[in-house]
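Hi there,

As promised, here is the structure for you to look through. My notes on what turned up follow just below it.

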Amino acid sequence: MRGAAASFPLFSPAGGGILRDLMNAGPSASFRRLFDEVGPVDSVGVEERVAKYATRSLKQAAKLWGLRTAVAMVDLTTLEGKDTPGKVASLCRKALRPSDDPAVPPVAAVCVYPAMVRHARRALGPGAKVRIASVATAFPSGQAPLATRLGEVRAAVADGADEIDMVINRGAFLAGEFSRVQDEIAAVRDACGRSTLKVILEVSELETYDKIRAASFLAMTVLRPGDFIKTSTGKTALNATLGNNQVMLEAIRDFYLDTGIPIAMKPAGGIRTAKQALQFLVAVKETLGDAWLNNRRYRFGASALLNDLVRQLAKERTGAYQAPYYFSEAATSY
Amino acid sequence: MATFTLNPRRRGRPAPELIFGDLWPYDPAPETADPKLLARYGLFINGRFTPAKSGQVFDSINPATERKLAELARAGTADVNAAYAAAQRAFDTTWGRMPGRERAKYLFRIARLLQDRAREFAVAETMDGGKPIKESRDFDVPMAAAHFFYHAGWADKLDYVAPGRRVAPLGVVGQVIPWNFPLLMCAWKLAPALAMGNCVVLKPAETTSITALKLAEIIQDADLPPGVVNIVTGAGEVGAAVMGHRTAAKVAFTGSTEVGKSILRSLAGTDQKMTLELGGKAANIIFDDAPLDQAVEGVINGIFFNQGHVCCAGSRLLVQESIAGRVLAKLKQRLQVLRVGDPLDKNTDLGAINSREQLRKITALVKAGVREGAELYQPACVLPARGWYFRPTLFSGVTMSQRIAREEIFGPVLSILTFRTPEEAVEKANNTAYGLSAGVWTDKGARILKLATELKAGVVWANTYNKFDPASPFGGYKESGFGREGGRQGLLDYCRLA
């Protein structure tokens, strides 16, 4: 990244003058300036790089370790209008014990709507191994007044949420109002108190890799060490892909090497198979290295993925694929 | 209006580093397909495998294990004569008179048979030459088949290859190919020659003849008339005999500039046509507005593809001064995750060096680089105990006068130089005896077009590197040779225009 350029007087807010007005002439000029600071991304190159991850061949112990680690990285998610306390309770039991095989670890967290946080807390008990994450800030659109969004965050934290998944203000971002995007993230961060914050960029609405990289930097700059950036809500057509995962991992890497602040990463939506999950982990291993290969620094936002991971682990243990009815096929039943 | 911050400072914290350790090592993932190698291969003359008339043989060695793979026949002058006689006979009686649409059928057949046996060929190629299986599987073999498909498509359309002119085959062509892409170079040479109606005497490199001989099996299976393709194996003197034979209407050579020059000398004054594809010392130029991560990835691909045994390898990196530090840091990080080792392992990025001789040459040039004051960086990877391997190597602080900036190393060694202005970049890029390829990395389209015309190189890649297609002509300027391979231009080098 081009962190040094940020202090260039031409662009300084106090600098004033015609040039600044020109540079701030609208969304297009704002984006130009932002891209110039964080550096561009070549989409063809990104796609080529990530295609190589899919050719990595994971066997035996490597596969086993990858599958188990992926289980421990899952944010087991249910985000539906029809969620009930009972459904959340069964989700929590699945989260604590994904399989009858004791070698399969619990998942990292359950992810629910704010209204379900207290039910999750009751099901898991205080100080549970599995954390409670809650989407807040008028998920998934984020189109509510800031005060409403902050109130939602505070309520979820008060009910016992260990982690808050917020959405950025895409409208403001696309209009070039970057300071507003940052200010809102900072306000949510403060409302989180000691809870971890995950910032959802909703990549499919940002459209280009350039903008995904730029938005990653905007978010990371106001985050605390250990907070997350996250690809998507899972509510749009295109969610996590190896491509946007890679762009965000490289942003995290550049930011870390520049500032020493480790930001965590969560791809969410669209990762349904164990094979996909392993490819994402290969990307982490080869881009950010060993320090990110744990559930404090990397998560999968998923629901159907967990059962496929458990199925593959059973296959590694027994040498044969189990009949499908040993695992629930439906993503929504646990 | 919009103000935002992107520069939280690192106060008093130590310089952060990434750890690419052994938390999650990949288990061995060897490709297990049977390469179906014979213990002994003869010469392929007049449609049959025959031993050398002298009865002499030599060993083909697997560079990854230093073990013998097969015994090959060492051709003598008599064998080369027999090959040329068979080729001339085939040209006069069958292949030269055959309508293009008939020749096309044979070429399509070869392409399909090669696809059918792709895994077998990929494993054989990797064992013979040392390149990673993922490259022979994903690049060499599919591209070889693609060249046959492409030229099969041309064979019945030759009336349109040179609008307004008639084309006729030359006769018998002699071809000598290098060891870096044994099967692919075989396809590059054979496919256009055959499509145009020529017959061929081909000599593969001494260390990597096996896939050419396996291709001869396919040629048999495809029922190509005897003598259309003849393959003779052996060392340099066999190559010289093939290149210097009076029957050859044309010779085509891919290999070192030194040998190319001697062939050129020996052909002076004759009416034989020739094309040469020789060495290179390509410049990969990164401007400060380039997408850096993708540029770094492209540079890595440009120099470490096939252990750097690539004539168009991007072996000189020219980086704009303002971003040189950052690019070097990114390159070093990327090098730490490159996997060097068993070429048959599907996760291997860098395989074995092709021969002991080549390893010696690389080692000597790297020593020269250190002696002449360039700064060396190699990642701490563990090399296999047996076999010929070399760590991926970066040299920074290189100047134009050093040997590592001038001579073709033909190994996994990147020399990094800096520049300030686009003019200086072009000047440095062109300051070489070679002119095969170049790369430009920038976000500015106009700059790409400008540099593409100013760089004296046969191929200029923009924001990518090492991209090939049978339809795209490939070849060099200056001491990188002349003539083109691939595309319409490549075909024209195998015909007589009337």
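**What I found**

Chain A comes out as two domains in the domain assignment: domain 1 covers 1-39 and domain 2 covers 42-319. Please keep in mind that this is a predicted model. The centres of domain 1 and domain 2 of chain A, taken over C-alpha atoms, are 31 Å apart. Where these two domains of chain A touch, nine residues of domain 1 meet eleven residues of domain 2. The domain 1 side of that contact has six nonpolar and three polar residues, with no charged ones.

Next, the two chains. Chain A brings 48 residues into contact with 34 residues of chain B. On the chain A side, the elements giving two or more residues are α2 (27-38), α3 (43-53), α4 (60-72), α9 (178-192), α11 (209-221), α12 (242-259) and α13 (274-287). By class, this side of chain A has 20 nonpolar, 17 polar and eleven charged residues.

Finally, a helix pair in chain B. Helix α2 (residues 100-116) and helix α4 (residues 133-155) of chain B pack with their axes 8 Å apart and at an angle of about 165°. Angles over 145 degrees count as roughly antiparallel, so α2(B) is roughly antiparallel to α4(B). Their crossing is left-handed. Among the residues making the contact are B:Leu107, B:Phe108 and B:Ile110 of α2(B), and B:Phe148, B:Phe149 and B:His151 of α4(B). Counted by class, the contact between α2(B) and α4(B) has 13 nonpolar, three polar and two charged residues.

Best wishes

Terms used. Residues are numbered from 1 along each chain as its sequence is written. Chains are lettered from A and ligands numbered from 1 in the order in which they are written. This is a predicted model: local features need pLDDT of at least 70, side-chain atom pairs count only at pLDDT 80 or more; totals for chains, interfaces and linings use all residues. Axes are lines fitted to C-alpha atoms, for helices over the stretch in contact, and angles run from 0 to 180 degrees between N-to-C directions. Helices (H or I, at least four residues) and strands (E, at least two) are DSSP runs, numbered from the N terminus. Angles under 35 degrees count as roughly parallel, over 145 as roughly antiparallel, 65 to 115 as roughly perpendicular and the rest as oblique. A crossing is left-handed if the near helix is turned anticlockwise from the far one by less than a right angle, and right-handed if clockwise. Two residues are in contact if their C-beta atoms, placed from the backbone, lie within 7 Å. Ala, Val, Leu, Ile, Met, Phe, Trp, Tyr, Cys and Pro count as nonpolar, Asp, Glu, Lys and Arg as charged, and the others, Gly among them, as polar. Domain bounds come from an automatic or database domain assignment.
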